[in-house]
Amino acid sequence: MAVNLATLESVGKVYGTRALLDGVTLGVSEGDRIGVVGRNGDGKTTLIRILAKLEDPDDGRVTHAGGLRLGVLTQHDSLDPAATVRHEVVGDRADHEWAGDARIRDILTGLFGGLDLPGFPQGLDTVIGPLSGGERRRIALAKLLLDEHDLIVLDEPTNHLDVEGIAWLAAHLGARRSALVCVTHDRWFLDQVCTRMWDVQRGDVHEYEGGYSDYVFARAERSRIAATEETKRQNLVRKELAWLRRGAPARTSKPRFRVEAANELIADVPPPRDRSELMKFANSRLGKTVFELEDVTVQAGPKTLLEHLTWQLGPGDRVGLLGVNGSGKTSLMRALAEAAATHGEAQPAAGTVKVGKTVKLAYLSQEVAELDPDWRVLEAVERVRQRVDLGKGREMSAGQLCEQFGFGKDKQWTPVGDLSGGERRRLQLLRLLMDEPNVLFLDEPTNDLDIETLTQLEDLLDGWPGSMVVVSHDRYFVERTTDNQYALLGDRRMRMLPGGVDEYLQRRARIAETAAAPAAAPAAAARPTGDTRAAKKELQRIERQLAKLDEQEAKLHAEMAEHATDFSRVAGLDTRLRTLKDEREELEMRWLELAEDA
């Protein structure tokens, strides 16, 4: 029988006039892996702080097992600013002692990219004081993971980690014996790590068995029982469930879905996006050209990040950019934004960027734009536009869009100066969409957004007709909102990823293995430069063919939907579709071979 590690009994907590927790009774036992979700401000952090005895409840009591070894990662670290990274992380262990410990090597490599901490100016001897919040957070996480614990409590552990770091952390926590309670907005991480969910809502905490996918299913099933037929049809939870089941059926290592019930629930839910219809509308808004790059070099100061880049973003393209920090993702978007803002007059260090005449770009950067703190939320939105056209005959008022983004009628009259960081981020994105752009650049759009807001944003983007580039460490969001992914691996090139995020992680792992292996390959084994150039040209040709196949497949899907009752015609279209898929698989295999050569 599993030992009970921590218990909350009839716990209540009030802030001002609002009850964040009201009579909550919960327990954490050995082996539990619990994910905590809920809207920003609903009490997730308060719940885990009370659980960890960092904060006292107003009512009820919290008990811990005798001798409980508890590790906590809060949103604000307690690191000594005068200390070095070495002192805080490995303490007084001798170099040969900690470097010979496989567990310590794994943690330092997983969180920092190497034992010498390549991103820090003096490596392990870097003083903590001047470091950024993200760097300090990784140090605090490393320090926590190096110790043994019975229970680990983590508040947003994936913040400031890239896709690789998040994948490493998920695997590391999965292999530990400690129980875990974790607040995070990263839905992929929740699915990989957690076996139970706590949903904090209006003072109460609802418990669900399973990871994030199972939680979505349970909520959808609950809403099905309670809702009318039409409300069911429009339910966002069911739409997300449909994507989880159809778009990525093998998302989790342990598929715990009650598959038949889930499939019945989503039987009449269409795919999240009608790609054919959106492409048609995007073409009408944008024409044939959006951005065309020819032999482009992108620089940040004196440093060259990308060179000889030939690439195009077409009407309706939805692209995810993945890459290590400093590889040029943000710099590339800035270069394109500058070209768009000057109608093509501002050009990169080398090469040319051609901008479509009708491009109207909205760029959500990582810096939150300053707004007048005295403006009300609704006023800040209405100053951009009173109503917005969402395409396909859909229109929304500023107030309606505010509600969709979590600003209810009362909240719409809140001064901007009183908003939290996440709420300001939401407001900034809302103002961008209100301006009716036809091209969106989103740089880390999920920062500070809760899961419910992310789901609403994804739903809004499903029907948004335009071109989109997304840079995000939130793997779930990238896979959910984009159709194609590209990698910037730090070697000044951009590569298409037919295998998506999984392929990116495999490539990064191969690079790490190569770097770790002794560089003893004989010079004679080096591939001739001419062969490399030929491989690069062939890669670009295949990428163009894959883009054309995308268009052909979208058209066939549209025809099949249009002639759904003509079974002989649908059968013929299905045969053509399968031929295209076979052709795609051959091209993708050839692409992967050439990528190795290049």
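Strand β7, residues 179-183, is mostly covered: five of its five residues are buried (buried means under 20% relative accessible area, exposed over 50%, and partly exposed in between, using a 1.4 Å probe and protein chains only). Keep in mind that this is a predicted model, where local features need pLDDT of at least 70, side-chain atom pairs count only at pLDDT 80 or more, and totals for chains, interfaces and linings use all residues. Residues are numbered from 1 along each chain as its sequence is written, and side-chain values use heavy atoms, with hydrogens and water left out. The helices (H or I, at least four residues) and strands (E, at least two) are DSSP runs, numbered from the N terminus.

**Strand β7 and its partners**

- Ala179, Val181 and Val183 point one way from β7, while Leu180 and Cys182 point the other way, and all are buried.
- Strand β3 (residues 33-37) runs parallel to β7, and four bridges join them; two strands count as paired if DSSP finds at least two bridges between them.
- β6, helix α6 (residues 163-175) and β7 make up a right-handed β-α-β unit: with the strands pointing away from you, the path from the first strand over the helix to the second runs clockwise.

**The three-stranded sheet**

- An open sheet is formed by three strands in the order β2-β1-β4, with antiparallel pairing.
- At its edges sit β2 (18-29) and β4 (59-64), each pairing on one side only.

**Zooming in on arginine 495**

- Buried or exposed: which is arginine 495? Arginine 495 is buried, with a relative accessible area of 9%.
- You'll find arginine 495 in strand β20 (residues 494-496).
- Not counting residues up to four places away in sequence, arginine 495 touches Gln485, Tyr486, Ala487, Leu489, Arg507 and Trp591.
- Arginine 495 and leucine 539 are 44 residues apart in sequence and 8.9 Å apart in space, going C-alpha to C-alpha.

Key. Contact means heavy atoms within 4.5 Å.
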